[in-house]
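Reader: I would like to go through this model by question and answer. Please show the sequence and the structure before we start.

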Amino acid sequence: MAEQGELDQALLDPTRLSIVSLLAATHWAEFGYVRESVRLSDSALSKQVSSLEKLGYVEVDKGYVGKRPRTWLNLSRADREVLTGHIAALQRIAADAGETGARHQRQAD
């Protein structure tokens, strides 16, 4: 995991970033909801969740609703802060690039 305010290598993947961003806005989201929201197949989401779980980003809880098995996903508070720092770093990169481009344009004019 990255230091706060730095890019996090695990979140550079757009799919993982989408999953973590969605989980940051929820508390214990059901697997099917996440699957539909990020438009992945069961197997693709399962692979990504396994990777994120191994990295310590996602908590997984399995249980039943009635007789149907269910899986819930959660993002820890610390990982919410990592996401916030990652997004801040992306915004700084975009802002710096915009400023550099604007300076270049002024010099060219």
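Reader: Which residues of helix 4 are buried?

Author: This is a predicted model, in which local features need pLDDT of at least 70 and side-chain atom pairs count only at pLDDT 80 or more, while totals for chains, interfaces and linings use all residues. Residues are numbered from 1 along each chain as its sequence is written, and side-chain values use heavy atoms, with hydrogens and water left out. Helices (H or I, at least four residues) and strands (E, at least two) are DSSP runs numbered from the N terminus, and buried means under 20% relative accessible area, exposed over 50%, partly exposed in between (1.4 Å probe, protein chains only). By that cut-off, the buried residues of helix 4 are Asp-79, Val-82, Leu-83, Gly-85, His-86 and Ala-89.

Reader: Which elements do the buried residues of helix 4 pack against?

Author: Contact here means heavy atoms within 4.5 Å. On that basis, the buried residues of helix 4 pack against helix 1 and strand 3 (68–75).

Reader: How far apart are the end C-alpha atoms of helix 4?

Author: The expected span of a helix is 1.5 Å times one less than its number of residues. Helix 4 has 32 residues (residues 77–108) and should therefore span 46 Å. The model agrees with this, as the end C-alpha atoms are 47 Å apart.

Reader: On how wide an arc do the buried residues of helix 1 lie, and what is that arc?

Author: The buried residues in helix 1 are Arg-16, Ile-19, Val-20, Leu-22 and Leu-23. They lie on the same side of helix 1, because the arc they cover around the axis is only 160 degrees. The arc is that of the directions from the helix axis to the C-beta atoms. The value asked for is 160 degrees.

Reader: Which residues does Gln-48 contact, leaving aside its neighbours within four places in sequence?

Author: Gln-48 lies in helix 3. With 17% relative accessibility, Gln-48 counts as buried. Its contacts, leaving aside those neighbours, are Asp-13, Thr-15, Arg-16 and Ile-19.

Reader: Which residue caps the N-terminal end of helix 2?

Author: In helix 2, Phe-31, Gly-32, Val-34 and Val-38 are buried. They are on the same side of helix 2, because they cover an arc of only 160 degrees around the axis. At the N-terminal end, the backbone nitrogen of Gly-32 lies 2.9 Å from a side-chain oxygen of the capping residue, Glu-30.

Reader: What value does phi of Arg-39 take?

Author: Arg-39 sits in the loop between helix 2 (31–38) and helix 3 (42–54). Arg-39 is exposed, with a relative accessible area of 76%. Although Arg-39 is not a glycine, its phi is positive, at about 55 degrees.

Reader: Where is Trp-28 found?

Author: Trp-28 also has a positive phi, near 55 degrees, and is a residue other than glycine. Its relative accessible area is 29%, so Trp-28 is partly exposed. Its place is the loop between helix 1 (14–24) and strand 1 (29–30).

Reader: Which side chain makes a polar contact with the side chain of Asp-8?

Author: Asp-8, in the segment before helix 1, is buried yet has no salt bridge, and the nearest side chain of opposite charge, Arg-16, is 7.5 Å away. For charge, Lys and Arg count as positive and Asp and Glu as negative; His and the chain ends are not counted. A polar contact is a pair of N or O atoms within 3.5 Å; within protein, one must be able to donate a hydrogen and the other to accept it, and residues adjacent in sequence count only if both atoms are side-chain atoms. The Asp-8 side chain makes such a contact, at 2.6 Å, with the side chain of Tyr-57.

Note on methods
Salt bridge = Lys/Arg side-chain N within 4 Å of Asp/Glu carboxyl O.
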